[in-house]
Amino acid sequence: MLLPLFMLLTMMPDIDRVVSPSVADAGIPFEIELRLQGEGRSAPDLDVPTPEVQGLEMLEGPDVRSGSNLSIVNGRTSAAWTRTFTWTVVADSPGLYQLPE
């Protein structure tokens with residue numbers, strides 16, 4: 001039973017959330033980026049819903065970008081992938097907004 005659990009844990013992606021700029025003015029568009037990274041030759045099929053946050057209006061997105069990397073060092077092969085989802089949003093008013101997990 002340990003092997004399937006280990007395989008499952010190695011397949012789970014790392015997740016980063018980025019808001020650019022980190023401090024935005026109300027009425028000025030900014031970007032929310034969700035970056036998933038994992039091991040393997042290609043990313044699994046992922047359907048990431050648009051985050052719904054009261055007070056933020058989604059203007060565009062998601063813009064989806066994918067990338068992969070294959071390395072061979074001393075005969076050893078490793079592969080990794082990245083998939084990035086980007087939304088352009090605007091805040092209705094000044095304040096702190098919590099992105100869903």
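The protein chain has one helix and four strands. The model is a predicted one. From the N terminus on, the elements follow the sequence α-β-β-β-β, and the strands form an open sheet with the order 1-2-4-3 and antiparallel pairing. Of the 101 residues in the protein chain, 24% count as buried.

- The accessible surface of the protein chain is about 7600 Å². Carbon and sulfur atoms hold 54% of this surface.
- Among the contacts in the protein chain with a separation of 6 or more, 65% are made by residues 24 or more positions apart.

- As a general point, strands of a sheet pair through backbone hydrogen bonds, in either a parallel or an antiparallel manner.
- Strand 2 (residues 30–39) is paired with strand 4 (residues 76–91) in the antiparallel sense, and the pairing runs over 10 bridges. Within this pairing, threonine 88 in strand 4 is the bridge partner of glutamate 31, and arginine 83 in strand 4 stands opposite leucine 36.
- Strand 3 and strand 4 are also antiparallel, with 15 bridges between them. Here isoleucine 72 has threonine 77 of strand 4 as its bridge partner.

**The hairpin of strand 3 and strand 4**

- Two residues lie between the strands of this hairpin, in which asparagine 74 takes a positive phi near 50°.
- Asparagine 74 has its place in the loop between strand 3 and strand 4. Its phi near 50° is a positive value in a residue other than glycine.
- With a relative accessible area of 81%, asparagine 74 lies over the 50% limit and is therefore classed as exposed.

**Nonpolar core and aromatic pair**

- The largest nonpolar core comprises 14 residues, of which Ile32 and Trp87 touch the most other members. Strand 2 and strand 4 each supply at least two residues of this core. Strand 4 provides the largest share, with five residues.
- In general terms, nonpolar side chains in soluble globular proteins tend to be buried together.
- The structure holds one aromatic pair. It is formed by phenylalanine 85 and tryptophan 87, whose ring centres are 6.4 Å apart and whose planes meet at 20°, so the pair is stacked. The limit for this class is an angle under 30 degrees.
- Both phenylalanine 85 and tryptophan 87 are buried.

- Valine 53 has its place in the loop between strand 2 and strand 3. Its relative accessible area is 12%, which lies under the 20% limit, so valine 53 is classed as buried.
- Not counting residues up to four places away in sequence, valine 53 touches Tyr97, Gln98, Leu99 and Pro100.
- For valine 53 and proline 100, the C-alpha to C-alpha distance is 7.7 Å, while 47 residues separate the two in sequence.

**Cis peptide bonds**

- Serine 20 and proline 21 are joined by a cis peptide bond with omega of about -5°. Proline 21 lies in the loop between strand 1 and strand 2.
- Glycine 61 and proline 62 are joined by a cis peptide bond with omega of about 10°. Proline 62 lies in strand 3.

Key. Residues are numbered from 1 along each chain as its sequence is written. This is a predicted model: local features need pLDDT of at least 70, side-chain atom pairs count only at pLDDT 80 or more; totals for chains, interfaces and linings use all residues. Side-chain values use heavy atoms; hydrogens and water are left out. Two strands pair if DSSP finds at least two bridges between them. Buried means under 20% relative accessible area, exposed over 50%, partly exposed in between (1.4 Å probe, protein chains only). Contact means heavy atoms within 4.5 Å. Accessible areas come from the Shrake-Rupley method with a 1.4 Å probe; for residues, only the protein chains shown count as cover. Rings of Phe, Tyr and Trp (its six-membered ring) pair if their centres lie within 6.5 Å; planes under 30 degrees apart count as stacked, over 60 as edge-to-face and the rest as tilted. A nonpolar core is a set of buried Ala, Val, Leu, Ile, Met, Phe, Trp, Tyr and Cys residues joined through side-chain atoms within 4.5 Å.
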